[in-house]
Amino acid sequence: MTIDGFTAIYLFTLAAFTGYEVISRVPIILHTPLMSGSNFIHGLVLVGAIIALGYATTPTETIIGFIAVLLATGNAVGGYVVTVRMLEMFKPKSDLKKGTDNEH
Amino acid sequence: MNTDLIIQLAYYTAAILFILGLKRMSSPKTATSGVKLAGVGMLIAIAATFFFPAMHNLLLILLAILIGTIIAWLGAKKVAMTGMPEMIAMYNGMGGGAAAAIAAIELFSLLANSDAKMPITTFALAVIGALIGSISFTGSILAFFKLRDWLKNVYFPWQQVINLAVLAFAITFGVIFYFHHTLPIFILFFATSLLYGALMTMSIGGADMPVVISLYNAFTGLAVACEGFVINNVAMIIAGTIVGAAGTLLTILMAKAMNRSLMNVLFVRFDGSKCCGTVSGTTKSMEIPDAAIMLNYVTKVIFVPGYGMAVAQAQQKVWELANLLLEKGIDVKFAIHPVAGRMPGHMNVLLAEAGVPYDYISDMDEINDDFQNTDIVIVIGANDVVNPAAKTDKTSPIYGMPILNVDQAKQIFVIKRGKGRGYAGIENLLFFNKNCHMVYGDAKQVVAHMIQTLKEQK
């Protein structure tokens, strides 16, 4: 599948609106995890890095491609782990263990 | 089934999962499942990419993924919650670097064959992606160093002019490269782009760093989208564009919460030293046990935590104190200013880590009308965000910034290490309020002492 001309512009515009809409109703308490989460999502650059290294022929291309895959993996894996670590700490009152508090 | 169909179906699924995942991330209840959903999407997209026909270097690819995974995984597991903002900056910079590297390979292929011509739009997108990816790469790494305090602010004369000149050179070299595919131009283009990223971060003060990190996050998204167009990859276009748009909005929201425009953050140095009206009056201090005993005779208490609390590692103790008050039937809340911590929402993460359920935590808009009915407000390590000068002193650099209405409470305790000033470097009018008492000491020790006093009374 190739994308060109207006299809590309439509794709770009619709994706931009989606990103805007999805974020615009987010409470401030989630801003840091959300930034981290969106940081993880652009880790998808790994796909491009794999393709770049996969079709590299000259030594220079191979070296740059290797660096690209390395960096992109760091983005994806690191972004995922820190986001999950942060979000897993958010707990409602009902999750508190018995005996700590809660009498109203 | 042909491989192209498999790949496209996988990318389509991944795109849907990303959008659903981001949507779920916008509520604390569903957020964890949201990022996991996006994670599944990522795995599907990456697995499908190995179906591309006639790829080689497979071992190298797997090796790079393995090394990257180990390093990033260890780093992400080890980092303390207080260090989260700079870690996000680092991972984001890596993504920007990867996008720039992909662009470098595409542009590099033009060098081999001087007659080769890329269509102009493809070329332009490759160069733009390379430029902003490079800026995000060096800019984020420098932001990491600055937040770690490994690097101080560097100011030199004509800084903004020199910065913009470097950016202009980078763009010029990019344009020249379209007409002359030579190695020196190629190198000069990347060198100036990378240099500009470093210079851009260098000129921005520490307090504004979160806004800049968020901006670089949006930059990386756009760079990924640009390179997605260049190598004709729909998944990259969609993921990159969504992050670019979401990141831009997030950046604007953050700047607004700090009462500054984005342009202001980027181009104006924040300076609290050459202001403001001098403050008359004195501050009063109170001994720790006296403050603790007063907590026995109230019905409503609000804690206002700031980054100073996290630095002192006092959040666990504060939650312990809050629990004691809850047991007495006192109404307890935590009030969070949008820029408490080092990034909007960072304080929520730190309190969550200490075990504070999110139902007890209120943001500024929810709680600002409650302060007038509150018996005691305990400010711990927060400063500028409770300074009434933001409302009354037009010469103050923080004038106009929305603040927590702590000054309206019946009694205020400020737990503070010493008489220093806040991030903005200005006097805090709250400390001179007639209802305000300073409780001096290390936050963790002060709170521990308060807990001890309350327990001994039983």
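Figure 1. In H14(B), the buried residues are His346(B), Met347(B), Asn348(B), Val349(B), Leu350(B), Leu351(B), Ala352(B) and Ala354(B). This view, like those that follow, is taken from a predicted model. Helix H14 of chain B runs over residues 346-354, and because 8 of its 9 residues are buried, the helix is largely enclosed by the rest of the structure. Gly355(B) follows H14(B) and has a positive phi, near 100°.

Figure 2. Chain B contains 17 helices and 7 strands, and its C-alpha trace spans about 85 × 55 × 35 Å along the principal axes. Of the 458 residues in chain B, 58% are buried. When contacts in chain B between residues at least 6 apart in sequence are considered, 77% of them join residues at least 24 apart. The domain assignment divides out domain 1 (79-267) and domain 2 (288-456) of chain B, and the C-alpha centres of these two domains lie 38 Å apart. Across the boundary, 13 residues of domain 1 of chain B are in contact with 19 residues of domain 2 of chain B.

**Figure 3. Helix H2 of chain B and the helices it packs against.** Helix H2 of chain B comprises the 19 residues 31-49, which should span 27 Å at 1.5 Å a residue, and the C-alpha atoms at its ends are 27 Å apart, in agreement with that expectation. Its buried residues are Ala31(B), Thr32(B), Gly34(B), Val35(B), Ala38(B), Gly39(B), Gly41(B), Met42(B), Ala45(B), Ile46(B), Ala48(B) and Thr49(B). Which helices do the buried residues of H2(B) pack against? From chain A they meet helix H2 (31-41), helix H3 (45-54) and helix H4 (59-87), and from chain B they meet helix H1 (3-24).

**Figure 4. Helix H4 of chain A, with Gly78(A) in view.** H4(A) has 29 residues and reaches 42 Å from its first C-alpha to its last, close to the 42 Å expected at 1.5 Å a residue. Because 23 of the 29 residues of H4(A) are buried, this helix is largely enclosed by the rest of the structure. Gly78(A) is found in helix H4 of chain A and is buried, with a relative accessible area of 0%. Leaving aside neighbours within four places in sequence, Gly78(A) is in contact with Thr73(A) and also with Ala72(B), Ala76(B) and Tyr91(B). Gly43(A) is 35 residues from Gly78(A) in sequence, and the C-alpha atoms of the two are 9.2 Å apart in space.

Figure 5. The axes of helix H7 (residues 183-202) and helix H8 (residues 209-230) of chain B come within 11 Å and cross at roughly 155°. Since an angle over 145 degrees counts as roughly antiparallel, H7(B) and H8(B) are therefore roughly antiparallel to each other. The contact between them is made by Gly197(B), Met200(B) and Thr201(B) of H7(B) and by Met209(B), Leu215(B) and Tyr216(B) of H8(B). By class, this contact of H7(B) with H8(B) has 4 nonpolar and 2 polar residues, and no charged residues. Thr138(B), which is found in helix H5 (residues 120-147) of chain B, counts as buried at 16% relative accessibility. Apart from neighbours within four places in sequence, Thr138(B) is in contact with Leu194(B), Gly197(B) and Ala198(B).

**Figure 6. Two loop residues of chain B with positive phi.** Most residues other than glycine have a negative phi. Ala54(B) has a positive phi of about 55° although it is not a glycine, and this alanine is found in the loop between H2 and helix H3 (58-78) of chain B. Is Ala54(B) buried or exposed? At 67% relative accessibility, Ala54(B) counts as exposed. Gln313(B), likewise not a glycine, also has a positive phi of about 55°, and is found in the loop between helix H12 (307-311) and helix H13 (315-327) of chain B. With a relative accessible area of 42%, Gln313(B) is partly exposed.

Conventions: Residues numbered from 1 in each chain as written. Chains lettered and ligands numbered in written order. Predicted model: local features only at pLDDT ≥ 70, side-chain atom pairs only at ≥ 80, totals over all residues. Heavy atoms only, no water. Helix = DSSP H or I, 4+ residues; strand = E, 2+ residues; numbered from the N terminus. Expected span 1.5 Å × (residues − 1). Buried < 20%, exposed > 50% of the residue type's maximum accessible area, 1.4 Å probe, protein only. Contact = heavy atoms within 4.5 Å. Axes fitted to C-alpha atoms, helices over the stretch in contact; angles between N-to-C directions. Parallel < 35°, antiparallel > 145°, perpendicular 65-115°, else oblique. Nonpolar A, V, L, I, M, F, W, Y, C, P; charged D, E, K, R; others polar. Domains from an automatic or database assignment.
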